[in-house]
Amino acid sequence: MTEPNHDSPVTQEASLSAPPLSPHLAAIWGAFLHEGLMLNNNRSSQLLEVWGNGCIELISTLCDFIPAIWKQVQPYWYGPQGFPGVFEYEVVSLLGEQLGTYLLENDGNLPPHDDIQQMITELVVTFFSLGGSHEIPSDQTPQTHRLINLHDRFTERLTKLKGGHS
């Protein structure tokens, strides 16, 4: 099993200015990176073949970018504005999908570090510029509200995948 590289420039840079990322949130984001990477368009076997280094190594490599996502979302994360959608679906999973597409189109090579930073920036800025953000109920913190919203959206998605209606 490959250990994540905690000394990578992305991790060091992100940890200097952002509050700590909770292990719980990091795990959720890792799952959504995996979803975007592997579960869209049934391309997991193609990705693993072109990557050539194993599934754990691929996921570990992509999870090294979670601190960069965390750093870039800081101006919005604790704000009172609420979220215009579900960040995990519309940013984290989409980043995984974009990275998977890049890997497939570039013989298993990841984009350069600066290009990945730009992908993250574009996804974060686009997400928060969508508008239509909803008010957070006064009896909930932004984090509690987000987790409830995420749970509801995830349950709705599972119901649709099972052929039910929500």
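In the predicted model, Ala 68, Ile 69, Gln 72, Val 73 and Tyr 76 of helix α5 meet Gln 117, Ile 120, Thr 121, Val 124, Val 125 and Phe 128 of helix α7. By class, the residues of this contact between α5 and α7 comprise 8 nonpolar, 3 polar and no charged. Two packed helices are described by the angle between their axes and by the distance between those axes. For α5 and α7, the axes come within 10 Å and cross at roughly 30°. Angles under 35 degrees count as roughly parallel, and α5 and α7 are therefore roughly parallel to each other. The crossing of α5 past α7 is right-handed.

Within helix α5, which spans residues 66-77, lies Gln 72. The relative accessibility of Gln 72 is 18%, so this residue counts as buried, the cut-off being under 20%. The side chain of Gln 72 is joined to that of Thr 121 by a polar contact of 2.5 Å. When neighbours within four places in sequence are left aside, Gln 72 is in contact with Gln 117, Ile 120, Thr 121 and Val 124.

Helix α7 (residues 113-128) also packs with helix α6 (residues 87-105), at an angle of about 150° and with the axes 10 Å apart. Angles over 145 degrees count as roughly antiparallel, and α6 and α7 are therefore roughly antiparallel to each other. The crossing of α6 past α7 is right-handed. On the α6 side, Phe 87, Glu 90, Val 91, Leu 94, Leu 95, Gln 98 and Leu 99 take part; on the α7 side, their partners are Ile 116, Met 119, Ile 120, Leu 123, Val 124, Phe 127 and Phe 128. This contact of α6 with α7 has 12 nonpolar, 1 polar and 1 charged residues. An α-helix has 3.6 residues a turn, so residues three or four places apart point the same way.

Elsewhere in the chain, helix α4 (residues 55-63) has Leu 58, Ile 59, Ser 60 and Leu 62 as its buried residues. The cover over these buried residues of α4 includes α2 (23-39), α3 (44-51), α5 and α6.

Over the whole protein chain, the secondary structure comes to 8 helices and 0 strands. Of the 166 residues of the chain, 39% count as buried. Among contacts with a separation of 6 or more, 77% are accounted for by residues 24 or more positions apart.

Conventions: Residues are numbered from 1 along each chain as its sequence is written. This is a predicted model: local features need pLDDT of at least 70, side-chain atom pairs count only at pLDDT 80 or more; totals for chains, interfaces and linings use all residues. Side-chain values use heavy atoms; hydrogens and water are left out. Axes are lines fitted to C-alpha atoms, for helices over the stretch in contact, and angles run from 0 to 180 degrees between N-to-C directions. Helices (H or I, at least four residues) and strands (E, at least two) are DSSP runs, numbered from the N terminus. Angles under 35 degrees count as roughly parallel, over 145 as roughly antiparallel, 65 to 115 as roughly perpendicular and the rest as oblique. A crossing is left-handed if the near helix is turned anticlockwise from the far one by less than a right angle, and right-handed if clockwise. Contact means heavy atoms within 4.5 Å. Ala, Val, Leu, Ile, Met, Phe, Trp, Tyr, Cys and Pro count as nonpolar, Asp, Glu, Lys and Arg as charged, and the others, Gly among them, as polar. Buried means under 20% relative accessible area, exposed over 50%, partly exposed in between (1.4 Å probe, protein chains only). A polar contact is a pair of N or O atoms within 3.5 Å; within protein, one must be able to donate a hydrogen and the other to accept it, and residues adjacent in sequence count only if both atoms are side-chain atoms.
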